[in-house]
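Have a look at the model below before reading on.

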Amino acid sequence: MAFALDAKLGEIIRSTSELLIGQMRLTWWRDILTKDPAERPAGEPLLELLSPVEAAGQNPEPLIRMIEGWEMLLEDFPWEDRQFANYAESRGEGLFGFSAGDQYRLNDQQKLAAQSWTFWDFARHCSDEGMREEAFARCCELHGKWQAVTFDRSGRPLSILCQIVARDVRKGELNANIYTPSVAGRIIWHGLTGR
């Protein structure tokens with residue numbers, strides 16, 4: 001659910017040509033997630049995915065934080081340190097926090113891993129060369145602080161993301177194709193064994 005919403009928010013940003021329209025679309029999602037599930041509109045597939053998760057006791061608050069991170073991308077480049085930090089903390093910790101479960105509290109290492117992944121993902125999709133280089137540099141810097149991060153079995157998808165980030169950091173460059181057979185093999189093995 002969190003990854004599907006993250007992708008949806010990314011599509012909103014990519015397709016936004018007018019700042020106000022983009023802000024309105026992100027605000028719609030934030031407002032909808034703050035409503036009681038019974039008051040939400042029917043027919044939105046992502047909301048239908050969220051309903052059973054909420055019914056099981058999961059709080060959507062991390063998703064709202066994730067939206068706040070995406071809203072940062074509506075601000076002009078280049079960014080200051082504060083903007084980079086707010087983006088990574090909101091989007092990364094929101095996505096990882098919701099994915100790990102409402103009762104699950106991310107520890108400091110996991111928060112750093114979430115932020116590092118966010119910078120990595122930003123760098124992979126940003127068309128501004130200076131911002132792309134800065135984001136990857138921040139990703140690498142944070143990676144040095146969380147190399148031993150671990151997740152329990154339910155957090156295996158997050159662990160897989162961390163493995164992909166670590167691979168690019170070790171190489172010192174963003175891999176243009178993360179879907180090669182060798183990468184896929186490592187991901188499958190890690191997904192099955194945790195190693």
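What follows is a short tour, from the whole chain down to single residues.

## Ground rules

This is a predicted model, where local features need pLDDT of at least 70 and side-chain atom pairs count only at pLDDT 80 or more, while totals for chains, interfaces and linings use all residues. Residues are numbered from 1 along each chain as its sequence is written, and side-chain values use heavy atoms, with hydrogens and water left out.

## The overall picture

The chain has nine helices and zero strands; both are DSSP runs numbered from the N terminus, with helices being H or I of at least four residues and strands E of at least two. Of its 195 residues, 46% are buried, meaning under 20% relative accessible area with a 1.4 Å probe and protein chains only (exposed is over 50%, partly exposed in between).

Take the contacts (heavy atoms within 4.5 Å) between residues at least 6 apart in sequence: 65% of them join residues at least 24 apart.

## Helix 1 against helix 4

The axes of helix 1 (residues 2–14) and helix 4 (residues 61–71) come within 10 Å and cross at roughly 25°. Axes here are lines fitted to C-alpha atoms, for helices over the stretch in contact, and angles run from 0 to 180 degrees between N-to-C directions.

On the helix 1 side, the contact is made by Ala2, Leu5, Asp6, Leu9, Gly10 and Ile13, and on the helix 4 side by Leu63, Met66, Ile67 and Trp70. By type, that's eight nonpolar, one polar and one charged; Ala, Val, Leu, Ile, Met, Phe, Trp, Tyr, Cys and Pro count as nonpolar, Asp, Glu, Lys and Arg as charged, and the others, Gly among them, as polar.

## The core

The largest nonpolar core has 52 residues, and Leu9 and Phe96 have the most contacts inside it. Such a core is a set of buried Ala, Val, Leu, Ile, Met, Phe, Trp, Tyr and Cys residues joined through side-chain atoms within 4.5 Å. Leaving out residues up to four places away in sequence, Phe96 touches a list of residues including Trp117, Phe151 and Leu161.

## Around His143

His143 sits in helix 7 and is buried, at 7% relative accessible area. Beyond residues up to four places away in sequence, His143 touches Ser116, Ala166 and Val169.

Ala166 belongs to helix 8 and counts as buried at 10%. Ala166 and Ser116 are 50 residues apart in sequence and 9.5 Å apart in space, C-alpha to C-alpha.
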